[in-house]
Each structure stands twice: as C-alpha cells, then as structure tokens.
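Hello! Here are a few notes to read alongside the model.

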Amino acid sequence: SHFKVGAALLFGDGTTISGCNVENASYGISLCAERNAMTTAITAGAVKPLAAASAGERGRACPPCGACRQFLAEFNIDMEIILEDGDNMKFYKLSELLPACFSHGSMEGE
Ligand code: THU
C-alpha cells in the first residue's frame, strides 16, 4: 500500500520503543507498526506497555487493526491507545477497543 504507519509504546520507566509497518510483495505477510514495536520491546525485555500511540502519514487517525488489538491485549489490556487525528489527539483504553476479547481465560475449564 505504501501507507506509512508509526507506533510507539510507553513503559513505566519512561522508555519508549517504536516500530513501523513493514510491507512485502506477498501482501499477507506484511507487518503492522504496532506489532513490530511490541516485538522489538519484548526483545529489549520490556513487556508491559502503559500506552501505545499510532500515527499514519495522512494525518487522520490510524487506529490499530483488530489483529494488533488482540496482540497488544496479551501484554496489557488496560493500556492507553493514543491516536493523532489532525490537530487533535484521541485517547482510548485498549479494553474499550477490544470488548469481550478472547484470552487465555477463555480456554480454561470449570
Ligand atoms: N497498518 C499498521 O501498521 N497498523 C495497523 O494497525 C493498521 C494497518 C499498516 C499495514 C499495512 O502496511 C498498511 O498499514 C495498510 O494496511
């Protein structure tokens, strides 16, 4: 698509770790910015982001896709999601963007 996305994760010690989307000629294996940032963070030993910010190159809000919401939820479903939207910022909780999500608890028996 050549649509550029950047994501940054904020951690409790003030560290931020960022990622960009990485596209491929085999479209389906393209990687989103948010998941790229999260896996980079894990490599650095940072596993519980307090907030995730995403921005697309066109200035309008670029919300994390469903797969990224699910991926990030595993690390902190209470994290804040921050979106740049023109001259404004939008703030959400990941839990409100992914209600009734599937989690490890969904696989537990009685
Ligand atoms: N993209 C992201 O990086 N994050 C999202 O959550 C939504 C979509 C990327 C994937 C692809 O490279 C481009 O935006 C268009 O879908």
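Which residues in helix 1 meet which in helix 2? Point 2 has the answer, after a word on the model.

1. Please keep in mind that this is a predicted model, in which local features need pLDDT of at least 70 and side-chain atom pairs count only at pLDDT 80 or more, while totals for chains, interfaces and linings use all residues. Residues are numbered from 1 along each chain as its sequence is written, and side-chain values use heavy atoms, with hydrogens and water left out.

2. From helix 1, Glu 34, Arg 35, Met 38, Thr 39 and Ile 42 meet Ala 67, Cys 68, Phe 71, Leu 72 and Phe 75 of helix 2. Contact here means heavy atoms within 4.5 Å. By class, the contact comprises seven nonpolar residues, one polar and two charged; Ala, Val, Leu, Ile, Met, Phe, Trp, Tyr, Cys and Pro count as nonpolar, Asp, Glu, Lys and Arg as charged, and the others, Gly among them, as polar. Helices (H or I, at least four residues) and strands (E, at least two) are DSSP runs, numbered from the N terminus.

3. Helix 1 (residues 33-43) packs on helix 2 (residues 66-76) at about 25 degrees, and their axes are 9 Å apart. Axes are lines fitted to C-alpha atoms, for helices over the stretch in contact, and angles run from 0 to 180 degrees between N-to-C directions. The two helices are therefore roughly parallel, a term for angles under 35 degrees.

4. The sheet is open, with five strands in the order 2-1-3-4-5 and mixed pairing. Strand 2 and strand 5 (88-93) are at the edges with a single partner strand each, so one side of each has no neighbour in the sheet. Two strands pair if DSSP finds at least two bridges between them.

5. Strand 1 (residues 5-10) pairs with strand 2 in the antiparallel sense over five bridges, and Ala 8 stands opposite Ser 18. With strand 3 (residues 51-56), strand 1 pairs in the antiparallel sense over six bridges; there Gly 6 stands opposite Ala 55.

6. Helix 1 lies across strand 1, strand 2 and strand 3.

Methods
Angles under 35 degrees count as roughly parallel, over 145 as roughly antiparallel, 65 to 115 as roughly perpendicular and the rest as oblique.
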